Amino acid sequence: MTAVIVTAGLTKRFGRVTAVDDVDLTVPHGVRFGLLGPNGSGKTTLVRLLLGLVHATSGSMEVLGRPMPRHAARVLPDVGTLVEGPAAWGHLCGRANLRLLDAAGSRRPGRGRGRRARVDEALDRVGLGGIDRRPVRAYSLGMRQRLGIAAALLRGPRLLLLDEPTNGLDPRGINEMRALFTELNAAGTTVVLSSHLLTEVEALCDRVGVMDAGRLVLTEDLTVLRAPTGRVLLRTSDPAAAAAVLDGRVEVRSGALLTVRHDDPAALNAELVTRGVPVAGLDAERRSLEQVVLALTGSGSDRVDVGHAAHRGRR
């Protein structure tokens, strides 16, 4: 499968701080890829490296099959981006902002429709089709975010590279953007989403990468990460009878809910029903994405405890 992003040994240091540490990453064409990790794990720096906004200390990278940043002028017209919040001229309205951005972009001759049509289509897609002439500085945070996403869509990108794209959106807006990204992906656009919001990535992405302290500690399909654990969650009105029948296979018992060591819910149901145990519900236990990420990023946190702050103050 063709890859839209490939990095090898990619490293970025800022003085004595290593923000991205020897990252080998491959993102196949056509996926919805979620880049996860706590604040300060290196996600945004990695995105900025891929876009040529900062230069690597060492290592190499390709985007859409071309080395970056050497071929940025050829690559970036095919990449829609939103990094560290939407940028805009605050005194101008949203349409004027998008027209200026479209004019500044290097478009191939004859590609797509006219500028006005492209701008109107992008605004319609993000839910700003009825926008008025008020300046962007008067927009709500959610409207600014929608405008930033519209800017990312202007050129009909082959690759969307988005950093926290649902920041500032209400639940309805988040659902709308999730549906939009899924629709774009189904039409052939690869979507790469950098976020610390695990539920958002879990709802949208089919493959994830996890970063911790600058290192890429995992890349895997979400279906693999959320495979059954070999345990079944059993709900029954007679937990004592169920425990007796299961003979030591109950690992956790909490009221009417039992965690049973078993890898086949259907076979477990048949066994219990045959023995006369009432079954109210059976579900294969699966790890959540949150459990996976927390297990891999134990050292990553933006909290500063009192003892830690005092220790730093003495250094």
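How many aromatic pairs does the count come to by the ring-centre rule? The count is 0 aromatic pairs, where rings of Phe, Tyr and Trp (its six-membered ring) pair if their centres lie within 6.5 Å, with planes under 30 degrees apart called stacked, over 60 edge-to-face and the rest tilted. This is a predicted model, in which local features need pLDDT of at least 70 and side-chain atom pairs count only at pLDDT 80 or more, while totals for chains, interfaces and linings use all residues. Residues are numbered from 1 along each chain as its sequence is written, and side-chain values use heavy atoms, with hydrogens and water left out.

**View 1. A lysine sits over the ring of F14.** Here K12 lies over the face of F14, 5.0 Å from the ring centre. The rule asks for NZ of Lys or CZ of Arg within 6 Å of the ring centre and within 35 degrees of the ring normal.

**View 2. Strand β9 and its two partners, β3 and β10.** Strands are DSSP runs of E with at least two residues, helices are runs of H or I with at least four, and both are numbered from the N terminus. In β9 (residues 207-212), 6 of the 6 residues are buried, so this strand is largely enclosed by the rest of the structure. Buried means under 20% relative accessible area, exposed over 50% and partly exposed in between (1.4 Å probe, protein chains only). In a regular strand the side chains alternate between the two faces of the sheet. R207, G209 and M211 point one way from β9, and V208, V210 and D212 point the other way. Strands pair if DSSP finds at least two bridges between them. β3 (residues 32-36) runs parallel to β9 with 4 bridges, and L36 stands opposite V210. β10 (residues 215-221) is antiparallel to β9 over 6 bridges, with L218 opposite V210. The β9-β10 hairpin has 2 residues between its strands, and A213 in the turn has a positive phi of about 50°.

**View 3. V192 and T190 in strand β8.** V192 belongs to β8 (residues 190-194) and is buried, with a relative accessible area of 6%. Its C-alpha atom is 7.3 Å from that of L35, which is 157 residues away along the chain. Beyond its neighbours within four places in sequence, V192 is in contact (heavy atoms within 4.5 Å) with residues including I5, F33 and L161. T190 is buried too, at 0% relative accessibility. A polar atom of the T190 side chain lies 2.8 Å from the backbone nitrogen of G30.

**View 4. Two nonpolar cores.** A nonpolar core is a set of buried Ala, Val, Leu, Ile, Met, Phe, Trp, Tyr and Cys residues joined through side-chain atoms within 4.5 Å. The largest has 38 residues, of which L123, V126, L160, F181 and L289 touch the most other members. A second, separate core of 29 residues includes V31, L35, L46 and V63.

View 5. Is L64 buried or exposed? At 14% relative accessibility, L64 counts as buried.

Conventions
A polar contact is a pair of N or O atoms within 3.5 Å; within protein, one must be able to donate a hydrogen and the other to accept it, and residues adjacent in sequence count only if both atoms are side-chain atoms.
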